[in-house]
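I opened this structure to look up its pockets, its salt bridges and its surface. My notes follow in the order I took them.

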Amino acid sequence: MHKRKFFEILSFIDFIIGTLSIFFILFNLYIIGYIFILLYLIIFLIITLFEKKELKFIIIKISIAIFLFPYYPLILFFHYRKISPIYNPIDFEEAKLDIHGNISFSSIDLAPFYIILKYGDPKQRKYVIRMLYNSIIQEIIEFVDGIQLIRSAINNDSHPDVVLYASDALTNLEKFLVESIYKYMNNLNSLEDYINFGKYSYYYAKSGFLAGEHEREILWQSSIILLPAMDIFPESPDLYYFTFKIMELLGEYDELENILNSVLLKFKHYKILEFAIFYYIKRKNPKKVQNLISLYMELGFSSNNDAIKFMLGG
């Protein structure tokens, strides 16, 4: 407990020092500003060395501290505080809504959520937001789709309690993403750790919480960690998938296509083939798409994706 409190205080002080350095430089006090930047890095290095002493870990953390200057210590501060979330997972069988008709809440059909958010009373709309929050966290529904649905409640709902409830849900979802990225980035000991790190980094970049350079920083940070991991775990479709999605968001198309074509020569998995099909559709390469669909059919893969089924004539 005392150690965590020490890290918490040190992180907050580091954030203040980094922020002050910017003001000193803006007011042409360059020497003081550079001294404060040096102090920022020294304090951050102290925090990092107390946590772990592996060289790879230290280099990654220092790189992130530079690219997210001066905000990264603030992220650490909230991590060390371990603020309890507003929402706790609930049993979906409890407190059922009084809704007439057979409505199926599933990861495929989000229409019932839209309907209740539009036509339900405030109590029902708040319940659906809570259900969405828990379903997103438990990965019952797709992360980005769920966030967009909650965000639509903020933009369209006229009831202040519903808007506040949805806003709190988004705040906690962003906190969940930041904490998940930090947790897995600091514990890259297994394939699952790398996959989860890539997954939550991709979700954060796609969530709408970030913009511009901050989004690119998260993506760049993820790519430099995940690309070497593909050599360590050469037969993980999930690791390939999230790495490719991150590279696609970065716009690194040439490198992505070189790696993707190389992977498809030695490792044929339906998830990689489906990514490749959709990728080359977006890149407007019909000949490549046709070849990939033919390969997909030759290998006898079947898909739950409606778009793939349509292309296969199913």
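I started with the largest pocket, which holds about 1400 Å³ of space. I worked on a predicted model, where local features need pLDDT of at least 70, side-chain atom pairs count only at pLDDT 80 or more, and totals for chains, interfaces and linings use all residues. Residues are numbered from 1 along each chain as its sequence is written, and side-chain values use heavy atoms, with hydrogens and water left out.

My pocket rule runs on a 1 Å grid over the protein atoms alone: a pocket is an open set of points where a 1.4 Å probe fits, with protein on both sides within 12 Å along at least five of seven lines, and lining residues have an atom within 4 Å of a point. The volume is the space filled by probe spheres set on the points, which are joined across faces, edges and corners.

Which residues lie nearest the centre of the largest pocket? I noted Glu142, Tyr241, Lys271, Glu274 and Asn305, out of 34 lining residues. Helices H7 (143-156), H9 (191-206), H11 (237-250), H13 (270-282) and H15 (306-311) are the elements that each give two or more residues to this lining. Helices here are DSSP runs of H or I with at least four residues, strands are runs of E with at least two, and both are numbered from the N terminus.

Next I looked up salt bridges (a side-chain nitrogen of Lys or Arg within 4 Å of a carboxyl oxygen of Asp or Glu). The whole structure has six.

Lys271 turned up again here, in a salt bridge with Asp238, the closest N and O atoms being 2.6 Å apart. Asp238 sits in helix H11 and Lys271 in helix H13, so this pair ties together parts that are 33 residues apart in sequence. For exposure I used relative accessible area: buried is under 20%, exposed is over 50%, and partly exposed is in between (1.4 Å probe, protein chains only). Asp238 is partly exposed at 29%. Lys271 is partly exposed too, at 23%.

Are Arg125 and Asp157 buried or exposed? Both are buried. They form a salt bridge, again with 2.6 Å between the closest N and O atoms. Arg125 is in helix H6 (residues 122-137), while Asp157 is in the loop between H7 and helix H8 (160-185), 32 residues apart.

I also checked Glu179 and Lys175, whose side chains meet in a salt bridge at 2.9 Å, N to O. Both lie in helix H8, four residues apart, about one turn of the helix. Glu179 is partly exposed because its relative accessible area is 27%.

Phe6, Ile31, Ile35, Leu38, Leu39, Ile42, Ile46 and Phe50 make a nonpolar patch of about 750 Å². Such a patch takes nonpolar side chains (Val, Leu, Ile, Met, Phe, Trp, Tyr) joined within 5 Å, from residues with over 30% relative accessible area and no salt bridge. Helix H2 (residues 30-51) gives the largest share, seven residues. Leu38 lies in that helix, and it counts as exposed because its relative accessibility is 52%.

Last, I took the chain totals. I found 15 helices and zero strands. Of the 314 residues, 41% count as buried.

Note on methods: Patch = residues over 30% accessible without salt bridge, like charges linked within 9 Å, V, L, I, M, F, W, Y side chains within 5 Å. Areas by Shrake-Rupley, 256 points an atom, 1.4 Å probe, with all protein chains shown as cover.
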